Amino acid sequence: MLRHIIESQQFNVPFIMELFESAQRMEKIFHRGGTQDYSNKIMASLFYEPSTRTRFSFETAMYRLGGKVISTENAKEFSSAISGESIEDTIKVLNHFVDVVVIRHNEIGGAKRAAQVSKIPIINAGDGKGGQHPTQALTDLYTIYREIKTIDGLNIALVGDLAHGRTIRSLAYLLSKFERVKIFFVAPDALQIHQDICEHLEENDIWYTKENSIHKIINQVDVVYQTRIEKEKLNSSDNEYSNLMKEFYIDRNVINHLKQNAIIMHPLPRLNEISSEVDNDPRAAYFRQAQNGIFVRMALLAYLLDRY
Amino acid sequence: MLRHIIESQQFNVPFIMELFESAQRMEKIFHRGGTQDYSNKIMASLFYEPSTRTRFSFETAMYRLGGKVISTENAKEFSSAISGESIEDTIKVLNHFVDVVVIRHNEIGGAKRAAQVSKIPIINAGDGKGGQHPTQALTDLYTIYREIKTIDGLNIALVGDLAHGRTIRSLAYLLSKFERVKIFFVAPDALQIHQDICEHLEENDIWYTKENSIHKIINQVDVVYQTRIEKEKLNSSDNEYSNLMKEFYIDRNVINHLKQNAIIMHPLPRLNEISSEVDNDPRAAYFRQAQNGIFVRMALLAYLLDRY
Amino acid sequence: MLRHIIESQQFNVPFIMELFESAQRMEKIFHRGGTQDYSNKIMASLFYEPSTRTRFSFETAMYRLGGKVISTENAKEFSSAISGESIEDTIKVLNHFVDVVVIRHNEIGGAKRAAQVSKIPIINAGDGKGGQHPTQALTDLYTIYREIKTIDGLNIALVGDLAHGRTIRSLAYLLSKFERVKIFFVAPDALQIHQDICEHLEENDIWYTKENSIHKIINQVDVVYQTRIEKEKLNSSDNEYSNLMKEFYIDRNVINHLKQNAIIMHPLPRLNEISSEVDNDPRAAYFRQAQNGIFVRMALLAYLLDRY
């Protein structure tokens, strides 16, 4: 039983499956206009740095459960009071105000420090550049499960900047808990997946390969998970960059080779790595993925609020 | 039937009259403390630049309808995520979160782009410096209708910076849809109304005149709509500016010449173009005008939420 | 009967005692999950400068009463509209929107100016550096009353920067209304309590003394109210500062000398003037004090909303 949601390593398959069943119930509740079951609960959105998308997702989830929200968009810049004090003190005070805290911190480990002093549940909504974002990882995994009905046995391409993307790293980690999954890491050499993840997969007997073009594997996979490649990460000229990007860019031509029942995912925001002409293809799952974030967060909030 | 509220040109007289009847019902509901009829609806306030007054007006309207609100005060500065992505993608995601989006964008056409990809209603809360602010225009027109019971046949003075004020332009446009309206454009030469509006009025057989002093016409009009004249717009010395302002400034002496049943309007914020000694005169309608914004926005939100 | 809550001087003992009884009822309501009694009321949080803690406290209080909140975190920086206009005009408009306004203004007297033009209740949530923060003062006094069941006859140490702390000044003022209170002002000479407060206490026959070490008086007092001493206020070297701080710092050794039924208070945020090893001592009341702020604000909001 989890009190706080801090990092993907906390989740085992039974917890994940229970959560996904709840998320599917939440989807029905959402489409009926929500519930009032949590109308006497208050969530604090404590965002030390702004992330409007993630904040809106949590706040929508809480409102669809009937709850209330107090919110700060940019605590680090805004409040000399809060930023001058330790995160521990801030959390101890909020323990006396609200029922659950969603925290986005600018330092790795911020959410964990918050959890260590908190009797009410803490949910990590992203901590630092290389930190965790566990509700995004659960949303990604739920999207695969929701769209394809299984995770076991799937061929999954993780594409883009695999060196820096925390989304990708967390998802690879969660996938390793399932059976007969095959992972295709598709990235420029400079941005390939780090060795720690490879070792983790090997320990869990997960098959993987490293590729540097999407074209070679596009017809073999059930899931294409695309992410951004930022030019600044590559130290390349404009010309080299646009040549390189041809190996990763997804447009109508590319998805012509994609299986009929496969899906295309993206954590959003997208820059230009998926052509908007792909949006109307039924296999384009990235906007449904954003909505699944609501269902997963509703399920998580209900799970925590029911228990504490 | 309107799905989105983007620009004043969308409104015809039957729509306007239906909306005004609804706004009058909303006024009664407001004074009874609101309704819970929309308690399962969520509005997103997506303000790319801050406009606290307008945001508060929409959020109050939504709360008085029983609904919920997720809100960002300053998306452009706050969220690299949202600002780095296209407005189309942001709106596509919000379509899966909420029931209606109120958008204040920093570029002309921002709201229109949002509407083009949106299945849920989009309301333009101002786009860019020279853009539209259609709910303000409806509020202004409703205030005249609410205070004088008619719009047909009225003599209306539009005063101040007529060259830059989007409020004035939108209102002139809406007034042209009514019968026997006479418009007095009262402004320094450098800030007079632009030719495009004059041509539009001529096409619609609306009588108008251009004046450069309020004193000459103050006793002839049913409505004085005052706006700000900013010194920087005039390239004049302090002395010239304060001499010029005497022709437009409204104080107790000026309104001594105003008809007993006339009204004084102002979109607010006011700087110094109406003396505060005028505030307690029953003809000073500008604070009631601000409140009418709530009723009009409640009526618009209900109209859109009932249909989509 | 108070319409607005602007400064501590407004409160007499009967009002304070009535409020404290209400706050104790609110505590029970809070722990039952709140009430819906004020579900048709809206509070505006009008913060011209950010103060996340205070804003969260008021917004939590309003939500626990069932009400709704419109909120701006940083009106001064955000809204050229609101900041360009007089606070009087802003308040006159909000009178037509909401039921109560909580204002944090950056200038002394801001809340008072707001109240002068307002028919709906205004609550001062802090105005300017040397201004008032009356709900903090009531919270502090309520904490003493709640923890020790009386205020009359107590020995109270006010410790730290007594020259600049508005909290301390307001509390000393309120304490002077009670019987047989003894006050120990414990501060470095440069930061001792100002003469105006001393004179006020003398006029009210309140015993006080000035000390420059906490060690000398720690075993005599029922309440230790600790506040921050900022190095910049002292013009001292690092070495001098840390030597000086030994006379005011509270750790386990210090509270070994504190009476068994005494309490330790702090308005928070804390920097380093109370060791975190003290937090788990039952006499450490500062986090309960933060929670008492919710109950006092619930009681104040209910008091004002019931009457206007």
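**Conventions.** I worked on a predicted model, in which local features need pLDDT of at least 70, side-chain atom pairs count only at pLDDT 80 or more, and totals for chains, interfaces and linings use all residues. Residues are numbered from 1 along each chain as its sequence is written, chains are lettered from A in the order in which they are written, and side-chain values use heavy atoms, without hydrogens and water.

**Chain B against chain A.** I looked up the contacts (heavy atoms within 4.5 Å) and found 29 residues of chain B touching 29 residues of chain A. The two chains bury about 2,400 Å² between them, with 57% of it on carbon and sulfur atoms; buried area is the accessible area (1.4 Å probe) that two parts lose on being put together, summed over both.

I then searched for salt bridges (a side-chain nitrogen of Lys or Arg within 4 Å of a carboxyl oxygen of Asp or Glu) and noted four across this interface. One of them joins B:Asp89 and A:Arg270, at 2.6 Å from N to O. On the chain B side, I listed the elements that each supply at least two residues: strands S1 (42–47) and S2 (68–72), and helices H3 (75–78), H4 (80–84) and H5 (87–94). Helices (H or I, at least four residues) and strands (E, at least two) are DSSP runs, numbered from the N terminus.

**Symmetry.** I superposed copies by least squares on the C-alpha atoms of residues with pLDDT of at least 70 in both. Chain C is laid on chain B with an RMSD of 0.0 Å by a turn of 120° and a shift of 0.0 Å along the axis. That is the relation of a three-fold axis.

**Domains of chain A.** The domain assignment, automatic or from a database, gives domain 1 (8–131 + 292–307) and domain 2 (134–289). Their centres, taken over C-alpha atoms, are 27 Å apart. I found 26 residues of domain 1 and 22 residues of domain 2 in the contact.

The area buried between these domains of chain A is about 2,200 Å², of which carbon and sulfur atoms give 60%. In domain 1, A:Ser8, A:Phe20 and A:Asn292 lose the most area to domain 2, together 28% of what that side buries.

I noted one salt bridge across this domain interface. A:Arg146 and A:Glu27 meet in a salt bridge at 2.7 Å, N to O. Helices H1 (13–31), H2 (52–64) and H12 (286–307) and strand S4 (122–127) of chain A each supply at least two residues of the domain 1 side. The largest share of that side, eight residues, comes from H1(A).
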